[in-house]
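Here is a short report on a protein model. Start with the sequence and structure below.

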Amino acid sequence: KHTIVNMKLAILSASVGIAVAFTSPTNLATSSTPLFMSEVNDAVLSDTEGGVDAPPAVTPINGWVPDKSLPCYGLPGAISPLGFFDPIGFTKDMELSGVKRFREAEIMHGRVAMMATLGYIIGESTPTIAYGMDTHHTIANNQIPDIPGTVIFPFFLVINICEAVRANIGWVEPGLGPLFTLRETYYPGDIGFDPLGLKPAAAKDFANMQTKELSNGRLAMLAVAGMCVQELVNGKGILENLGF
């Protein structure tokens with residue numbers, strides 16, 4: 001009988017030990033005096049009045065903490081004289097994941113457009129693979145079809161690899177979450193590529209640099225669209241159309 005009692009006590013002790021092992025330490029804290037809800041509220045109010053701010057619910061990313069009360073949750077990019085410019089209301093009442101996805105698309109298209117504006121001018125004014133040293137009156141819109149497949153295939157292969165790496169860094173894998181969703185810890189556009197170490201450490205400086213990049217990217221998207229249309233309309237190169 002004593003043996004059975006001892007076995008029951010041993011099993012009970014082991015069960016309690018296992019339960020305690022999987023209990024949060026904060027739940028184990030006890031107090032010798034009862035704690036009422038009014039006391040908790042008074043403690044919170046006293047901490048707030050004393051200047052103690054509650055920690056943010058979201059971990060800052062590059063110094064940015066999403067704020068639903070601000071346009072685009074406080075992401076940089078609203079500059080004078082227009083400020084926050086969204087006349088059609090694309091981001092109105094949009095969830096955080098959607099706003100981040102829109103910003104990712106904007107900044108990536110802006111970067112491509114900035115490179116494209118240089119590509120238009122340099123490709124029409126310097127020696128190229130397709131035309132060699134004869135660059136007079138070269139039209140950028142006509143260059144890609146003239147490039148041999150043995151050259152264009154590796155070029156597009158490199159682009160696909162870069163896009164796959166970018167998607168793996170910033171996007172949630174299909175099947176592990178909603179489709180077309182950025183990772184919670186990913187800042188739109190920040191894939192960690194900074195070989196020259198230009199990324200500022202301070203949050204304010206980073207937001208300022210991000211705003212400048214967005215401004216230049218938006219201008220470049222308009223510029224490259226204008227270049228493309230201008231060449232289709234009059235069949236002249238960019239510099240040739242300007243009289244150079």
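## A residue in helix α7

Ala-225 sits in helix α7, which covers residues 203-234. Helices here (H or I, at least four residues) are DSSP runs, numbered from the N terminus. Ala-225 has a relative accessible area of 42%, so it is partly exposed. The cut-offs are as follows: buried is under 20% relative accessible area, exposed is over 50%, and partly exposed is in between (1.4 Å probe, protein chains only). Ala-225 and Ala-116 are 109 residues apart along the chain, and their C-alpha atoms are separated by 9.8 Å.

## Basis of the model

This is a predicted model, in which local features need pLDDT of at least 70, side-chain atom pairs count only at pLDDT 80 or more, and totals for chains, interfaces and linings use all residues. Residues are numbered from 1 along each chain as its sequence is written, and side-chain values use heavy atoms, with hydrogens and water left out.

## Helix α6

Helix α6 runs over residues 149-170. Does its length fit, or what span should its 22 residues have? At 1.5 Å a residue they should span 32 Å, and the end C-alpha atoms of α6 are 31 Å apart, which agrees. The expected span is 1.5 Å times one less than the number of residues. Ile-152, Arg-166 and Gly-170 are the buried residues of α6. Viewed down the axis of α6, these buried residues fall within an arc of 50 degrees, so they line one face of the helix. The arc is taken from the directions from the helix axis to the C-beta atoms.

The other side of α6 carries exposed residues: Thr-150, Phe-153, Asn-160 and Asn-168. Cover for the buried residues of α6 includes α4 and α5 (143-146). Contact here means heavy atoms within 4.5 Å.

## A nonpolar surface patch

Which residues form a nonpolar patch on the surface? They are Phe-153, Leu-157, Ile-161, Val-165, Ile-169, Ile-191 and Phe-193, with about 690 Å² of accessible area together. Leu-157 lies in helix α6. With a relative accessible area of 40%, Leu-157 is partly exposed.

Patches are made of residues with over 30% relative accessible area and no salt bridge; nonpolar side chains (Val, Leu, Ile, Met, Phe, Trp, Tyr) are joined within 5 Å, like charges within 9 Å. Accessible areas come from the Shrake-Rupley method with a 1.4 Å probe, and for residues only the protein chains shown count as cover.

## Salt bridges

The whole structure has 7 salt bridges. Each is a side-chain nitrogen of Lys or Arg within 4 Å of a carboxyl oxygen of Asp or Glu. One of them joins Arg-166 to Glu-163, with the closest N and O atoms 2.8 Å apart. Both residues lie in helix α6, 3 residues apart, about one turn of the helix. Arg-166 is buried at a relative accessible area of 15%, whereas Glu-163 is partly exposed at 38%.

Arg-103 forms a salt bridge with Glu-106, at 3.2 Å between the closest N and O atoms. This pair lies in helix α4 (residues 96-125), again 3 residues apart, about one turn of the helix. Arg-103 counts as buried, at 6% relative accessibility. Glu-106 is partly exposed, at 23%. A network of salt bridges links Arg-103, Glu-106 and Arg-218.

## A link between helices

Glu-213 and Arg-111 meet through their side chains in a salt bridge (2.6 Å, N to O). This pair links distant parts of the chain: Glu-213 is in helix α7 and Arg-111 in helix α4, 102 residues apart. Glu-213 has a relative accessible area of 24%, so it is partly exposed. Arg-111 also counts as partly exposed, at 24% relative accessibility.

Methods
Helix = DSSP H or I, 4+ residues; strand = E, 2+ residues; numbered from the N terminus.
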